[in-house]
Amino acid sequence: MLPTTVYCFFSLKLEQIMRVSDQLLNRIIAGLVAVIIGFASSVALIYQVVISLGGSADMVASWLLTLGLVMGITTIGLSYYYKIPILVAWSTTGAALLISSVQGFSLNEAIGAFMFAALLIVLSGITGWFEKIMNKIPTELACAMLAGVLVTFGIDVFNFMNELPLIIALMVLVYLIGKRFFTRFAMLSVLLVGIALSWVTGHIDTSSLQWQLSEFSYIEPTFSLNALISIGLPLYIVTMTSQNLPGIAVLKANNYKTPISGVLNVTGLANLITAPLGGYSINLAAITAAICMSDEAEKNPDKRYWVTIAAGVFYILMALSAATLIGLVASLPQALILALAGIALFGTIANSLQQALTGSRYNEAAIVTFLVTASNLTLFSIGSALWGIIAGVLTLLITQKD
């Protein structure tokens, strides 16, 4: 009798250990994939911003060190405090905007403009106006906007098959097989297969890689009215509409009550403090955050904040090795990185569309929101995400009968 009892006890304990191990592995993998995709997909933009301002490769590493640390610390702090998956990221659209808008300005003037944009974000959090607007937007429209933001990444998986047909086709096949037979390890398998095939086929060149630590580089801010208006104000608008707005939509679409004003206060203040070190703009993540909120990352929505905490740890590790990672990411095929992002978002795109079109009341407004957001519409330097919401709300106001 005793041996049987002991056997049952140890079997139960082993099963619990395996279950916990699987959960931890899924969280770690999702956090790692989110950071890899976020870093690889836009690091070239930050590099170009620094070069446009007359900086060097060492300064690029300094900026990435600063951004990685502040994103990691704020992600871990906010996620743990609010117990919801809050992922902070640098402003990708902001970096794209800066490449053209910083022309003719000095590095010092640009830093002053970064601080001005951060101050405006803090004021948005203190006044609470942005949160009041977001709370009035129906969840269906938020889901439709999220689907519109992400659908391009899903389509690009198949577009990039023109560049790497065998590699990406096998990545998709591994994902589908994984979803059926080993759901918990589907994305890990896709990542490993993609890298292994790229290595075997000669698409990865690491011959020039060398290890080195990044160092901080302080830049004295100079406040110029022209720079504040030409750089700071557009950066603020783009960060709020093209980054924070979709980021809030991701959380809302996953039924999380988002402390919008609190998050804006934290990210804006952190941005303000770190701007002289290269922290040009941080905000809520959208695309990579969606990866952290998938069922593959964590089945229990109440525990998904551990996924973003894992991502925060990887942010910090990324920051400390930024100088080396610049070369590592450059060695990976861009098509591989973007295809990985699209595959990781298949489930989120499907769920967002399903939630957006569940009821008949908002269907027309939701589909208009989705189509406008998925388009390349840009007016007054503001991207399609904001125009999608505006178009959806207008459709709702016009078509509602009561």
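**Exercise 1.** Decide whether Phe114 is buried or exposed.

*Solution.* Take the cut-offs: buried means under 20% relative accessible area, exposed over 50%, partly exposed in between (1.4 Å probe, protein chains only). Phe114 has a relative accessibility of 0%, so Phe114 is buried. Trp63 is also at 0%, and is buried.

The model is predicted: local features need pLDDT of at least 70, side-chain atom pairs count only at pLDDT 80 or more, and totals for chains, interfaces and linings use all residues. Residues are numbered from 1 along each chain as its sequence is written, and side-chain values use heavy atoms, without hydrogens and water.

**Exercise 2.** Classify the ring pair of Trp63 and Phe114.

*Solution.* Recall the rule: rings of Phe, Tyr and Trp (its six-membered ring) pair if their centres lie within 6.5 Å; planes under 30 degrees apart are stacked, over 60 edge-to-face, the rest tilted. The structure holds 8 aromatic pairs. Here the centres are 6.0 Å apart and the planes stand at 85 degrees, so the pair is edge-to-face. Ring pairs also join Tyr280 to Trp63 and Phe114 in a cluster.

**Exercise 3.** Classify the pair of Tyr175 and Phe346.

*Solution.* The centres lie 5.7 Å apart. The planes are at 75 degrees: edge-to-face. Tyr175 and Phe346 are both buried.

**Exercise 4.** Find the charged end over the ring of Tyr80.

*Solution.* Apply the test: NZ of Lys or CZ of Arg within 6 Å of the ring centre and within 35 degrees of the ring normal. The charged end of Lys83 sits over the Tyr80 ring, 3.9 Å from its centre.
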